[in-house]
Amino acid sequence: EQTIQNYPHSEFAIDAYWNAATLCNQGGKVAKAFHYAEQIIDQYSQSDNAHAREIVYSARNLICNLLLADGTLRSNGTAVLSQQLTAIVASLNATHEARANAYFELGNLHTVAKDYQSAQAAYQKAKQESDSDELRKKIGYRETTLHFALGEYAKVVETGLETLQKIGTSAIHGSQSAIAAHLYYLIGQSQMQLNQIDAAEEAFQQAIALITDGATMPEIRRIELAEINPFSHFYLGHIHERRGQTDRAIAEYQVVLSAIGVSSTEQKAKEIRTEAAWQLARIYENEPINESANQQTDESSITNHQSQVRREPHSPTHQQALELYAQVIAANINPRLTAGAIYRRGRLYQRAADPDKAMAEFSQLVDGFSKSTDAEIKAMVEDAILRLPNLSNSSGDVNAAIKTAKAALQIAQNKAAPLLLAKAQFQLASLYYQSGDKKQQRSAVRLFKE
């Protein structure tokens, strides 16, 4: 430091800068090491001297290593890192392996920035420059994640399996288990997209078996590692449900609910937990998995649904479904799921001959979602309106029943379905007649005639 201060323009100054940078780095004074490395680059990067070029090259590598270890050393750390990596690949001092590592890190930067085309190009250049099996394994892993982000599912399966083969069986169950688990997880999701269900099941089972070892890897974010086990169980539940293996599906969904608490704050974890709660509730409700809400808004909604109870009131499985739907509503991560959970709670209460609770659920749905433009939500809201008159009448409130029956009649008129319209007219006419009001009874006669 005294040499730098007293002889800043001497031929020894660059060596003093480099020695100071090296010593500071070894002593844990990374900010000062970064400062001296920057001084070398700023002052000597244009030098024609071979010795100076070599030190500048070393200074660039030091800055890259420091930023890769701690990106907060500079507020513009990503830009500085990208600039130095680009300079390294262009340097005459760089070996093939050094260029390969620089291209690899550039690919990672482009991936984080979602510049996937540039990332792919960088990874390809890294493979061309490298003879290292270890680096090629890392590149294969990164390319697999890149293909997944791009929705290139066939390439995910191909690249992922090739990378697993390069990693080898012993490393898969040892030092590389976390990487292997993540690869199997991505492969499983991709195989589901490709409708390769049997292969996907095997991939998810492999992911679960490997991730339970608790291994960690710097290449994978902690959150991503935490997702692999419960998310794999969720997809296995979906696979079993598609096959009609209800008991196995229930077991998998329950693992998800146990692994991710109701109070989880991680968004993706909340989403998958809510999806699992939804699927499990539908099983307990004993509804077909592909039933659409649009199928519910039909003539049957006008009739008295109390005669359609398929289980004993307050049956254990229906109670579980009600509780799970309540969790879906509380999570409120997806309007369609939230509305669907309210709607299905209403139907469960109606089937259990509890009109007051059913009416409360359907009213909540109408109040909260009547302005939705989503086709499925609109269908559920319309069906709820069609169900409310009978529920209101069952509760002894004829005037409230008439009000909802008018809304139901409007829906029937808009749908232009003759039988639905006739039943809506009959329903309103019956309520008018029941009211005892002579004016309304005259309206009832007109409606009966229509």
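**Overall architecture**

Reader: How many helices and how many strands are there in the protein?
Author: This is a predicted model, in which local features need pLDDT of at least 70 and side-chain atom pairs count only at pLDDT 80 or more, while totals for chains, interfaces and linings use all residues. Residues are numbered from 1 along each chain as its sequence is written, and side-chain values use heavy atoms, with hydrogens and water left out. Helices (H or I, at least four residues) and strands (E, at least two) are DSSP runs numbered from the N terminus. On that basis the protein has 22 helices and zero strands.

Reader: What percentage of the residues of the protein count as buried?
Author: A residue is buried under 20% relative accessible area, exposed over 50% and partly exposed in between (1.4 Å probe, protein chains only). Of the 450 residues of the protein, the buried share is 46%.

Reader: What share of the accessible surface belongs to carbon and sulfur atoms?
Author: By the Shrake-Rupley method with a 1.4 Å probe, the accessible surface of the protein comes to about 22600 Å². The part of that surface belonging to carbon and sulfur atoms is 48%.

Reader: Among contacts with a separation of 6 or more, what share is made by residues 24 or more positions apart?
Author: A contact means heavy atoms within 4.5 Å. Of the contacts in the protein with a separation of 6 or more, residues 24 or more positions apart account for 58%.

Reader: How are H17 and H18 oriented to one another, roughly parallel or roughly antiparallel?
Author: Axes are lines fitted to C-alpha atoms over the stretch in contact, and angles run from 0 to 180 degrees between N-to-C directions. Under 35 degrees counts as roughly parallel, over 145 as roughly antiparallel, 65 to 115 as roughly perpendicular and the rest as oblique. Helix H17 (residues 335-351) packs on helix H18 (residues 355-369) at about 155°, with the axes 7 Å apart. The pair is therefore roughly antiparallel.

Reader: How many nonpolar, polar and charged residues form the contact of H17 with H18?
Author: Ala, Val, Leu, Ile, Met, Phe, Trp, Tyr, Cys and Pro count as nonpolar, Asp, Glu, Lys and Arg as charged, and the others, Gly among them, as polar. By class, the contact of H17 with H18 has nine nonpolar, four polar and four charged residues.

Reader: Into which numbers of nonpolar, polar and charged residues does the contact of H6 with H7 divide?
Author: H6 and H7 have axes that come within 8 Å and cross at roughly 165°, and H6 is therefore roughly antiparallel to H7. The contact draws on residues including Tyr103, Phe104 and His110 of H6 and Tyr116, Tyr123 and Lys125 of H7. The residues of the contact of H6 with H7 divide into nine nonpolar, six polar and four charged.

**Individual residues**

Reader: What is the phi of Lys114?
Author: Lys114 is found in the loop between helix H6 (96-112) and helix H7 (116-129). At 62% relative accessibility, Lys114 counts as exposed. Although Lys114 is not a glycine, its phi is positive, at about 60°.

Reader: Where is Asn195 placed?
Author: Asn195 is a residue other than glycine with a positive phi near 65°. With 51% relative accessibility, Asn195 counts as exposed. Its place is in the loop between H11 and H12.

Reader: With which residues is Arg242 in contact, leaving aside neighbours within four places in sequence?
Author: Arg242 lies in helix H13 (residues 222-242) and is partly exposed, with a relative accessible area of 47%. Arg242 and Ile197 are 45 residues apart in sequence and 9.6 Å apart in space, C-alpha to C-alpha. Leaving aside neighbours within four places, the contacts of Arg242 are Asn195 and Ile197.

Reader: Which residues does Ile208 touch, not counting those up to four places away in sequence?
Author: Ile208 lies in helix H12 and, at 13% relative accessibility, counts as buried. Ile208 and Pro230 are 22 residues apart in sequence and 8.5 Å apart in space, C-alpha to C-alpha. Not counting residues up to four places away, Ile208 touches Asn229, Ser232, His233 and Leu236.
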